[in-house]
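Please open the structure in your viewer and keep the selection tool at hand.

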Amino acid sequence: MRGGGIAALLAVAMLAALPAVLSSYAVTVFIFIFFYAYLGQAWNIVGGYAGQLSAGHAAFVGVGAYTSAMLSMTLGLTPWIGMFVGGLLSAALGALIGFLGFRFGLRGFYFVLLTVAFAEICRIVALNTDAVGGALGLYIGFTGNPRQFQFQDNRVYYYVALALMLAATGLVAVLERRRFGEYLRAIREDENACEALGVNTFKYKMLAMVLSSFLTGIGGTFYAYYLFSLQPNSVFGIPLSVEIIIRPIVGGAGTVLGPILGSFILSPLGEILPHLSLAGRLERAAPDRLRAPAHRGGAVLPPGGLSDFN
Amino acid sequence: MDPTLIGQGLLSGLLFGGVYSLMAVGLTLIFGVMRVVNFAHGDMMVWGMYLAWMLSTRLGVDPYLGFGLCAAALFLLGWAIQRGLVHRIVDAPHEMQILLMLGVALVLENAALVAFGPDPQRVRSPLTAATVWLGPIFVDVARLVTFGLALALTLALWFFLARTDLGQRIRAAADNPYGALVIGTDVGRVYAAAFGIGAACVGAAGALVSPILPFQPAGGLSLSVASFNIVIIGGMGSLVGAFAGGLLVSVAESLGAVFLAPSMKELVSFSLLIVILLFRPAGLFGKRGT
């Protein structure tokens, strides 16, 4: 354990020092690695540990992103506060989805579809609500003011994303060792047995869902103020939900380091491969095309994900 | 609200429903037999559309004649995917199956992107311009023909499953794979045939709808989700449920487009899905407890 702690400290120190030597583009790649690892870690709580496969986590990113952006645009509220409001609204949506799914006993694929349906409804509503920009979406003007969650220097985003990833990972590492983490794993392995032993599985699944959607909603603010534009189809869409899921699953769902490992493997592939491919259309197609076999490998080879190897 | 408009919505929804039904029949067959949810279903459909487009632009074959070839090609693709990949994960946990099928979906989608480019396409057919007037309501001949062919294909599949030897083996393996194995069924081959037939159904659906619906490589995932909706609403694993569910969802979406707005039609089907999931998870036509 002590060796693991020292290794973790060394890794964090290295990541903290890295921007000093990285090119601006490499910093961007790392920002996406950290950000997707953060979202994957948030998903990991309910999808990995509790085994409740949500395929609609984009809904929480979207609600969080739209909330802080709208609060800042209409009321002038700083996104530093707006991100928590967005997180709370996402948590409320997560509580609603969780309540319906868990109270009505939806498991496996049925729960997957419930989460997809809610995310799609959010997308269609955002698409048809002119007050939040409708199909055009929202554009955030660049001011470079840190109070507005905007930074002139890309490296500040690097540290914000790193902090998000480390905070979520630390939280998961703590929860994993507590009774709460044990209950979630027990629910994933055998929910009926868990209930028979007197565990209130509904309560713990709800807590996992609410915590996971809260963290994902906070990530929405980072999404909004790093990309400066929100379109319903990309921020609420199924492809983003899939991006959130695949990293922890490839890295090892239900493990502390799985989402980080998965993100370090998959996020750079999507960034680097377009530059290696030769021409025109291949350039757009290559990342997904080459990433896809990696996903398949994750499913066919080590059943617990790649972190099973260590 | 103008009753003619509602009548028009009802009719065009019903006629378009044939395609939805055929998609869902393919999905429900694969699920019913293997208990694997085919996340690549929509991307297989997109490939059916592009094959119809190639037949039409390169060889001048009308999609209403060429859909059989598209179905045959998709049968081979489905067979190969089952033999090569899916058979490894038939007994694996849910998330592994979903991940594998998502991987297959991404490969198919991006292969289409490499082969055909990202722009939306539509197949030209002389039938798309033809309409027949029934009093104040017009009937789109392309939709009518599509509906007729989709209905005929579903009936043919039903006959195949009910009456032929291979069809009975497929149903036996669906009911009880172990029992089917004991009485000498090559379950692996039966699974591959079922996956191939499911893929052929959605391939035919893609070819038939290609003159009506513009398509692009990125459209696969939403078509998959549409198929999931229908199958859950009709009842997972039920052929009748998938067919009726297809018609129901299509009519509901079409009326949603009339009463709300065309861009909000999917709101109706997703709301319907949530209600069904909560109150009748076995679907309208499914057996309880399955």
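This is a predicted model: local features need pLDDT of at least 70, side-chain atom pairs count only at pLDDT 80 or more; totals for chains, interfaces and linings use all residues.

Begin with chain B and select residues 131–134, which form strand 1, together with residues 137–140, which form strand 2. The two strands run antiparallel and are joined by four bridges.

Next, move to the turn of the hairpin, where two residues lie between the strands. There, Gly135(B) takes a positive phi near 65 degrees.

Now select helix 5 of chain B, residues 141–163, and helix 8 of chain B, residues 187–209. Two packed helices are described by the angle between their axes and the distance between the axes. Here the angle is about 170 degrees and the axes are 10 Å apart. Because angles over 145 degrees count as roughly antiparallel, helix 5 of chain B and helix 8 of chain B are described in that way.

To view the contact itself, display Thr146(B), Leu149(B), Ala150(B), Leu153(B) and Leu157(B) on helix 5 of chain B. On helix 8 of chain B, display Cys201(B), Ala204(B), Ala205(B), Leu208(B) and Val209(B). By class, this contact has nine nonpolar residues, one polar residue and no charged residues.

Remain with helix 8 of chain B and consider its length. At 1.5 Å a residue, its 23 residues should span 33 Å, and its end C-alpha atoms are 33 Å apart, which agrees.

The next stop is a loop of chain B, between helix 1 (3–34) and helix 2 (41–59), where Arg35(B) is found. Most residues other than glycine have a negative phi. Arg35(B), however, has a positive phi of about 60 degrees although it is not a glycine. It has 16 C-beta neighbours inside 10 Å and therefore counts as partly exposed.

Turn now to chain A, which has 13 helices and two strands. Buried residues make up 50% of its 310 residues. Select Phe149(A), in the loop between strand 1 (138–139) and helix 6 (154–177) of chain A. Its phi is near 60 degrees, a positive value in a residue other than glycine. Is Phe149(A) buried or exposed? With 24 C-beta neighbours inside 10 Å, Phe149(A) counts as buried.

Key: Residues are numbered from 1 along each chain as its sequence is written. Chains are lettered from A and ligands numbered from 1 in the order in which they are written. A residue is buried if 20 or more other C-beta atoms lie within 10 Å of its own, exposed if 12 or fewer, and partly exposed in between; C-beta atoms are placed from the backbone. Two strands pair if DSSP finds at least two bridges between them. Axes are lines fitted to C-alpha atoms, for helices over the stretch in contact, and angles run from 0 to 180 degrees between N-to-C directions. Angles under 35 degrees count as roughly parallel, over 145 as roughly antiparallel, 65 to 115 as roughly perpendicular and the rest as oblique. Two residues are in contact if their C-beta atoms, placed from the backbone, lie within 7 Å. Ala, Val, Leu, Ile, Met, Phe, Trp, Tyr, Cys and Pro count as nonpolar, Asp, Glu, Lys and Arg as charged, and the others, Gly among them, as polar. The expected span of a helix is 1.5 Å times one less than its number of residues.
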